[in-house]
Amino acid sequence: MTQSAQGVESLVVSYAPVGADARTAAQAGDRIEWIQLSLVYLPLATPVSDAKVLTGVQKPLTEIAFVFAQIRTRDGHEGIGFGYSKRAGGPGMYAHAKELAPNLIGEDPNDISRMFTKLLWAGASMGRSGLTTQAIAPFDIALWDMKAKRAKLPLAKLLGAQRDSVQCYNTSGGYLHTPLDQVLRNVEISRASGIGGIKLKVGQPDLAIGIQRVAAVRKLLGDGFPLMVDANQQWDRQKATRACRALEGFDLTWIEEPLDAHDYEGHGLLAERFDTAIATGEMLTSFEEHARLIQAGTDFIQPDAPRVGGITPFLKIMALGEFHQRKLAPHFAMEIHLHLAAAYGIEPWLEHFEWLGPLFNEQMQLKDGRMHVSDRHGLGFSLSEQAIRWRTECQEFGKRP
């Protein structure tokens, strides 16, 4: 036998079938058996107003709709995730999630990316952003929660944490419905609680009022303490330019959403023109939209995992953002975003909202200006009895455990 023939023979032998008892990964995998979807309304103690309310675009926020997905597998593994909607859209998201849920029964819970694609195609005629992707988020997040629990790790550790805590700023005390004297009291309370930064809402029709509020908060905080402002998309390019110029002297960490969320180029131009960083991205609902924003050149990206479709697309946004050296400050939902921010390569910020506290049994640990990743497995939260009482609709799919 020639040397070449021997080589062919050895190659064939090395890939010959093994014993009949061997199984492929697909054959050995776990399977999703049961899903429960629920629609929950979280009431807010005080109606909340930002610039969109003062300009007549929206009504005050009085409640938040949550769609929770609880998933259980044949082997007894469980995961929980959620999506949310403010003011409108909750029932629509819940309705579409009910359409999607049967597609997951019988699937291997490990194949999260494949399932994300499957659910995206299931609703493709509705588009690949907006409500379509937001209805996927509860399932995707629940599957990542399950994967980390199965590994007996916090999700941050499963993803490969860069840090065990993330610097954290508060937003909820600086809304426009709050009188300035109360804003200042809220700032003092937040600092005493260990918060690491303060964000103040601006964007009133009268720019001078916003400047006055920023000046008062900066005076109270003193030099150097991180302070951010958020205009909630209420300026055009000319007004935004004037506002950014007027705000330059307050040593702000960033100016958030000075323009319409989809004016990628405009945000990039402001970032290039001014020393103060520009932040935006919370209203975008797909990886593709964030890719355009990142390429346009804004300083901080602010993706929201429930809005973009879950953790799977969020990780793609993180990878692209880090490649382009963008800073990260995820929007809302700190219970999820703490883990994702902890895995980002560039020092990020986490947005603190105490609003969601009543929904969960567990509390998060804030100390010395940073939110710390707990040792709880997965995302580290479970639904409270209060959340269950706020449930207005519920439906199960598959075999009850």
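**Exercise 1.** Name the residues through which helix 10 meets helix 11, and then describe how the two helices pack.

*Solution.* On the side of helix 10, the residues are Arg-237, Ala-240, Thr-241, Cys-244 and Arg-245, and they meet Glu-265, Gly-266, Leu-269, Leu-270 and Arg-273 of helix 11 (contact means heavy atoms within 4.5 Å). The model is predicted, so local features need pLDDT of at least 70 and side-chain atom pairs count only at pLDDT 80 or more, whereas totals for chains, interfaces and linings use all residues. Residues are numbered from 1 along each chain as its sequence is written, and side-chain values use heavy atoms, with hydrogens and water left out. Helix 10 covers residues 237–247 and helix 11 covers residues 264–273 (helices, H or I of at least four residues, and strands, E of at least two, are DSSP runs numbered from the N terminus). The next step is the geometry: their axes are 11 Å apart, and the packing angle is about 25° (axes are lines fitted to C-alpha atoms, for helices over the stretch in contact, with angles from 0 to 180 degrees between N-to-C directions). This angle makes helix 10 roughly parallel to helix 11 (under 35 degrees is roughly parallel, over 145 roughly antiparallel, 65 to 115 roughly perpendicular and the rest oblique).

**Exercise 2.** At what angle do helix 6 and helix 14 cross, and which residues meet there?

*Solution.* Begin with the axes, which for helix 6 and helix 14 (residues 311–323) come within 8 Å and cross at roughly 80°. The two helices are therefore roughly perpendicular to each other. Turning to the residues, Asp-140, Ile-141 and Trp-144 of helix 6 meet Ile-311, Thr-312, Pro-313 and Leu-315 of helix 14.

**Exercise 3.** Describe the crossing of helix 8 and helix 9.

*Solution.* Helix 8 (residues 180–193) and helix 9 (residues 207–221) cross at roughly 35°, and their axes come within 10 Å. Helix 8 contributes Leu-180, Val-183, Leu-184, Val-187, Glu-188 and Arg-191 to the contact, while helix 9 contributes Arg-213, Ala-216, Val-217, Leu-220 and Leu-221.

**Exercise 4.** In what order do the four strands of the open sheet stand, and how many bridges join strand 1 to strand 14?

*Solution.* The order is 3-2-1-14, with antiparallel pairing (two strands pair if DSSP finds at least two bridges between them). On average, neighbouring strands here are turned by 20° against each other, direction ignored. Going pair by pair, strand 1 (residues 32–48) joins strand 14 over seven bridges in the antiparallel sense, and Gln-36 stands opposite Glu-396 of strand 14. Strand 1 also pairs with strand 2 over 12 bridges, with Leu-39 opposite Val-67 in strand 2. Strand 2 and strand 3 share nine bridges, and Ala-65 has Ser-85 in strand 3 as its bridge partner. These two strands form a hairpin with four residues between them, where Gly-76 in the turn has a positive phi of about 90°. Finally, helix 6 (residues 131–150) lies across strand 1, strand 2 (61–73) and strand 3, running at about 150° to strand 3.

**Exercise 5.** How are the rings of Phe-66 and Phe-82 arranged?

*Solution.* The whole structure holds 16 aromatic pairs. In the pair of Phe-66 and Phe-82, the ring centres are 5.6 Å apart and the planes stand at 70°, so the arrangement is edge-to-face (rings of Phe, Tyr and Trp, the last by its six-membered ring, pair with centres within 6.5 Å; planes under 30 degrees apart are stacked, over 60 edge-to-face and the rest tilted). Since Phe-66 belongs to strand 2 and Phe-82 to strand 3, the pair ties together parts that are 16 residues apart in sequence.
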